[in-house]
Amino acid sequence: MLKHPHLTKNRLQRFASDLRQLLYPENVSLSKLQVYSAPGRISYAEAIKAKYRLAKEGEVFGPYWSTHWFRVDYAVPAAWKGREVLLYFNSTSEGCVWRNGVPLQGLTSYNWGPEDVRSHFILLPKAKGGEKGTLYVEAAINGMFGVTTSNGQSLPPSHSIGHLRQVRLVWRDRAVWDLLWDFLTIKEMSDHLPANSLHQGPALTVANDITNAVTLADPSTYAAGREIARKFFAGRNGSYNHHLSAIGHAHIDTAWLWPLAETKRKCYRTFSTAVRIMDDYPEYKFVCSQAQQLDWIKKFQPVLYAKIKAKAKKGQFIVAGGTWIEPDCNIPSGESLVRQFLIGQRFFRKEFGAYCKEFWNPDVFGYSGALPQIMQGSGIRFFLTQKLSWNQFNLPTSNTFLWEGIDGSRVLTHFPPADTYNASCTVEDVLRHITLFKDKDRASEGYYLFGHGDGGGGPTEEMLERLRRLSDVQGMPEVAIRTPQEFFKRCEKDLADPLVWSGELYFEHHRGTYTTQAANKRDNRRCEELLHDVEFLFAVARATTHSSYPRDRINSLWETVLLNQFHDIIPGSSITEVYQDSARDYAMVLEETGKLHSAALKKVIPASSGKSVSRCAAVNTLSWERREVVEQPGGGLIFAEAPAYGFSIFDPIKTKPQNPASLHQTQSGFTLENGLVRARFDGEGHLLSFFDLRHNRETIVDGARGNQFVLFEDKPPNSDAWDVEVYHLEKRRNVGRVKSVQVVKNDLLRAGIRLKIEISPKCHLVQDISLDADSPRLDFACEVEWQEKDQFLKVEFPLALRCDHATYEIQFGHVRRPTHFNTTWDVARFEVNAFRWADLSEPSFGVALLNDSKYGYACHGNVLRLSLLRSPKAPDPVADMGRHHFRYALLPHASGPQEGGVIPAAAAFNQPLEILPSGAAPQQQSFFSVDNPAVVIDTVKKAEDSDDIILRLYESHGGHQKVTLTTSLPLKKWRIVDLLEGNAAPEVSAKSGSLQLNLRPFDLVSLRLTCG
């Protein structure tokens, strides 16, 4: 007979459908189903004491985000003796099965996906018949992605979350189950193997043979079908094959389209499911990569946590990642990233016995070139992500390669070829992995992350059944579940002649996240700065006065900041409730660090001599000696000086500056001037000229206008909060109409003017423009009332400079990026991230644009822009609406940004000298200083496990340096340690309170100092 494969495939599809119908032959109603609509996310202990009412199938429960507890009373029919009995519970929502106060398994069901994620709970693996009992099901009236779609859009009314569709007891026919997965796996091979391959035809034939051998109405024929499948699966691959290591994964976003409180429940549901499935599938391994989530389980679900630790000892529940959460890698400071590893790794070692060896961060919007060095210093040898597979212009050229950071550090990096961390284990999905694997000429190892993710859920039994059958079958890769360390060791051994990628892993997508949720980003930076200051002051106080060091309080505050640096919180891509929570968190951190800061200052600054408090203390928590115009406690401006990482006490005498500031107004505008620079503005606040008198250079293009506010139409096709597209540059409006002008300061020390500007009918801005004596920095302080939609506000400066690259500050260093659009790689960087400064320089002269809370920049040709505010409407419809305060500044300088002093100037702009009243005698003291301006003392803190001081410094210019570090503390000995404060180099005795170091370009060094 002629073959007819297309008809055979239709036949196989019908057979699969009919076979599925036999999985659950019988079902019965519950003895009783009752419900309690809770006032919130209450505990199990509260739920079992509540007053319940009868519930019935078909009811719809709401509103969104509400919680409803169901009491499930069941009785197993006596006739079901020996059967596998399950509870089927479909509430079109997320849920969790509880018994005796312990979460047993998650439930996720909805009516708009291809199938329920998980609606069954195994009640009795082998019933005796007649059993009775009670379970509780906690139903959360939200879906896996909250109450929105995955790109943050509201669900249409047809998505009836909370519909109690069916609740029954069922029994599962294991013979059907086993035959089903045999058949489906072979059928999928016949569907998805290439039609011209050697294995597609046999798979089709075998699937058809099973159909012929099995009579669905006659269970006695099932064994014959399974025997056909067994022989097929016994056909092994050849000696050379691709090796696919698989790992169960859930990727629970710590917050995103749901608040933190719901994330905790997602963790209960997902992790309880994982440990339960491990009992039935001993080969199953599941990875969890966020210490914070495990810490929640430890604190709030101790019984579940004990189960997790037991499975970890058996090698099934795997911890990975090494960080507190999976952090954004664009916005957090270098020290924040260090703390992610320090706090995360210490948790993993304490709770699970070892540090992680891999950084696991698959869903983050770009990776700083500083990360390889931070990873290496934190005990990390390997890195996994897949996000760059989303790139718009340039896809990664390799899946496995060596990533080289800005300092030269390298880590073995793997991008899972399936381009997902939520793989489904279908044959199609596994073959996609092979198709997309880019290193076939030099490697044969790939990693495969499977399980429902983003919203949690994790792997299902169905996925594990498929993997069992695909372990080593001809035509498919060899598949085995392996831990991250097992995979990377195989990968490291297998990889020949690896490619090297040098520098940042820039993500060609989600560029709007450098700017969205501006208040959140501002509060993050202030918290980072305050924690930096508190740690330094208390470390010094401990060393000098033997006072207590509030380590637990400080670390708890750090944990809160690190939590809010999760890769969907600080980028601005979460729902409204997340930012309400985050604002409360930041307010708490700022309040607590403020109290700690005040307490520490009292311990460090000398006490009053008993005379009246007439002097001032200037406190400097930065690496450079400083002299600045400041506001004294009683009002009025004065000059203040303070040494690096120290303080000075002085009489607040108003001295005449060498280069006094002045303001001159005319009918056409105004001019701010000192002996260093002169800034000329028109009546609309545009900077027409900014002349550097020191170097006889104009910084603004003749006839152009700096300080130009621009509104760009900002309408990405998807993902409002995440994306700004390159075409936004094509539709722009110069805006800013001055409504009033007011002189606010015309003093020898500061000249300043206030402009009230209308940006649009919905947006008004008050801007103070000022210039201080003896300073070349021109400051702009803004207060904005922002109520726009689909608009992106930037400020731009057309500079009288030419260079094919601009320089941007990143963690522990800086990077250069093109100012042209020569290639697709260049075009892709039309919007980039930076920290406190960006700079455009010629060899002998340049200009830096500083900021105090912004992260988005662009430099196209000679036009340098700072991104200020966006107005996306999803997933947070009120994102960035309201009042904002921010500052930026223009700084001309000689040479490039390194020798031109941009790095200390930007730090000082963000952290001005702190001025306090004092009655102590005049004096000054520097606790730590360096003799090389290229070396930055970044962090001073007490060691985690001793009274030693940890001092972290880095080379900031990108060159080899020699440096002497000096301290006024009684230094006895020192040694170099890693970022985890271990792996110490040999101890060195200190001489004269100083030590010498040789540093590589962008070298990050941590020192353990013993004082006494």
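Guide: Pro875 is placed in the loop between β43 (863-869) and β44 (882-894). The model is a predicted one.

Visitor: What makes the peptide bond from Ala874 to Pro875 cis?

Guide: Its omega is near 5 degrees, and the bond from Ala874 to Pro875 is accordingly listed as cis. A cis peptide bond also joins Gly62 and Pro63, with omega about 0 degrees. Pro63 is found in the loop between β3 (53-54) and β4 (67-75).

Visitor: Why is Asn100 called exposed?

Guide: The relative accessible area of Asn100 is 67%. Exposed means over 50%, so Asn100, at 67%, is exposed. Asn100 lies in the loop between β6 (94-99) and β7 (102-108). Its phi is positive, about 55 degrees, although Asn100 is not a glycine.

Visitor: Is His510 buried or exposed, and how do you know?

Guide: His510 has 5% relative accessibility. The cut-off for buried is under 20%, so His510, at 5%, counts as buried. His510 is in the loop between β20 (500-502) and α14 (518-545). His510 is not a glycine, yet it has a positive phi of about 55 degrees.

Visitor: What makes strand β24 mostly covered?

Guide: β24 covers residues 646-650, and five of its five residues are buried. Each of them therefore falls under the 20% limit on relative accessible area.

Visitor: Which residues point which way from β24?

Guide: Gly646, Ser648 and Phe650 point one way, while Phe647 and Ile649 point the other way; all are buried. In a regular strand, side chains alternate between the two faces of the sheet.

Visitor: How do you know that strand β21 pairs with β24?

Guide: Five bridges join β21 (residues 615-620) to β24. Pairing requires at least two bridges, so with five bridges β21 and β24 count as paired. They run antiparallel, and Asn620 stands opposite Gly646 in β24.

Visitor: What makes β24 and strand β46 a pair?

Guide: There are four bridges between β24 and β46 (residues 923-926), and the sense is antiparallel. Gln923 in β46 is the bridge partner of Ile649.

How values were computed
Residues are numbered from 1 along each chain as its sequence is written. This is a predicted model: local features need pLDDT of at least 70, side-chain atom pairs count only at pLDDT 80 or more; totals for chains, interfaces and linings use all residues. Side-chain values use heavy atoms; hydrogens and water are left out. Buried means under 20% relative accessible area, exposed over 50%, partly exposed in between (1.4 Å probe, protein chains only). Helices (H or I, at least four residues) and strands (E, at least two) are DSSP runs, numbered from the N terminus.
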